[in-house]
Amino acid sequence: MSPSDVTTATVEAAGTRIASRIRRTPLDASPSLTALCGVPVALKLETRQITGSFKLRGATNALLSLSPQARAKGVVAASTGNHGRALAYAAAAEGIPAIICMSALVPGNKLAEIRRLGAETRIVGQSQDDAQLEAERLSREGYAMVAPFDDAAVVSGQGTIGHEILDDMADVETVLVPLSGGGLAAGVAAAIKGRKPKTRVIGITMERGAAMAASLAAGHPVLVREERSLADSLGGGIGLKNRITFPLCRDLLDEVILLSEGEIAAGMRHLYAVEREVCEGAGAVGVAALLAWRVGRLAGPVAVIVSGRNVDMTLHRAVMNGVDDPFQEEGA
Ligand SMILES: *Cc1c(COP(=O)(O)O)cnc(C)c1O
């Protein structure tokens, strides 16, 4: 697999392949953010996607691209939550066995949901890397690995969001994309720039343990220390042997913006109080960047990808009640 395996054409093919399996989510105008920014702002609500995040798009595209033999044996993945949940759902929908490996840091609500969806779960170690090693062991036993981001079929599936945005907002000038391993950002950037090259695509992530941002700055994939963040779905490394998302993010993203926990919390509060959307920290970073005036000059319409809603509701309530950095306060 190489970065050239993701193109506008592969994204278009993914769109056709997954159309009957996923929800075409709304791109809803935000009157309040439009007033704040002085240009039209719309929210691409992947919070409304089946399983509560966009990850179902990539997982479904990957499963539908497997050989009949691979489908019969089953699939494996290591996941911080939303990818595992999406893969569990998609595998059950296709009648494919799935094993999901994850670290002990994964929130309990996400673990319970994956089990409910019918996948076998393996809890291994304290980091994404430990879970990844177990998944690799199972892939040597013959299970097909469906990686959370560094996989051309997964990236092409996530990119379908980009084409939906262009179909609904042809004059979009800036797209704000949550960024972790870069599957979403790489797919959306490839999809959008393939059709409308001048559109700006900006990756947004958290200051705490931003592996892609550190890798882009270094010019090659690097390791970062994992820290707890409100944006837990943005945690984890990009893989030192990253083949696809690092080069695509390097070549296609116009900018990367890093946010503090307080800025992310403000984004979650705006989404709930004003837009009436329950959103996890990772999903709120685009809105947070606008509220904090961290995106430079806006010359035209903005689409903000609101990537998921799978937040522990006790944590969500604390943030709504004004807590800005629950994990810092927990350790203090
Ligand atoms: C996985 C995820 C992201 C980041 O996607 P990458 O492809 O890893 O960059 C953002 N938001 C949510 C809700 C996610 O689940």
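Predicted model: local features only at pLDDT ≥ 70, side-chain atom pairs only at ≥ 80, totals over all residues.
Residues are numbered from 1 along each chain as its sequence is written, and side-chain values use heavy atoms, with hydrogens and water left out.

Trainee: How many residues surround the ligand?

Mentor: A residue counts as near a molecule if one of its heavy atoms lies within 4 Å of it. Among the closest are Lys-55, Asn-82 and Ser-180. By class, this shell has 6 nonpolar, 8 polar and 2 charged residues, where Ala, Val, Leu, Ile, Met, Phe, Trp, Tyr, Cys and Pro count as nonpolar, Asp, Glu, Lys and Arg as charged, and the others, Gly among them, as polar. The number of residues that surround the ligand is 16.

Trainee: What percentage of the ligand's accessible area does the protein cover?

Mentor: Consider the contacts, bearing in mind that a polar contact is a pair of N or O atoms within 3.5 Å: oxygen atoms of the ligand lie 2.8 Å from an N or O atom in the side chain of Asn-82, 2.8 Å from a polar backbone atom of Ser-180 and 2.9 Å from a polar backbone atom of Gly-181. On its own the ligand has 380 Å² of accessible area, computed by the Shrake-Rupley method with a 1.4 Å probe.

Trainee: Is Thr-199 buried or exposed?

Mentor: Thr-199 belongs to the loop between α9 (183-195) and β8 (200-206), where helices (H or I, at least four residues) and strands (E, at least two) are DSSP runs numbered from the N terminus. A polar atom of its side chain lies 2.9 Å from the backbone oxygen of Lys-196. Buried means under 20% relative accessible area, exposed over 50% and partly exposed in between, with a 1.4 Å probe and protein chains only. Because its relative accessibility is 1%, Thr-199 counts as buried.

Trainee: What is the phi of Arg-276, and where does this residue lie?

Mentor: Most residues other than glycine have a negative phi. Arg-276 is not a glycine, yet its phi is positive, at about 60°. Arg-276 counts as exposed because its relative accessibility is 67%. Its place is the loop between α12 (261-273) and α13 (285-291).

Trainee: What is the relative accessible area of Trp-293?

Mentor: Trp-293 is found in the loop between α13 and β10 (302-306). Its phi is positive too, near 55°, in a residue other than glycine. Trp-293 is classed as exposed because its relative accessible area is 55%.

Trainee: What separates the C-alpha atoms of Met-145 and Ala-77?

Mentor: Met-145 lies in strand β6 (residues 144-145), and it counts as partly exposed because its relative accessibility is 27%. Along the chain, Met-145 and Ala-77 are 68 residues apart.

Trainee: How far apart in space are Ser-32 and Thr-60?

Mentor: Ser-32 is in helix α2 (residues 31-37) and is partly exposed, with a relative accessible area of 27%. In sequence, Ser-32 and Thr-60 are 28 residues apart. From C-alpha to C-alpha, the distance is 34 Å.

Note on methods
Polar contact = N/O pair within 3.5 Å; in protein donor to acceptor, adjacent residues only side chain to side chain.
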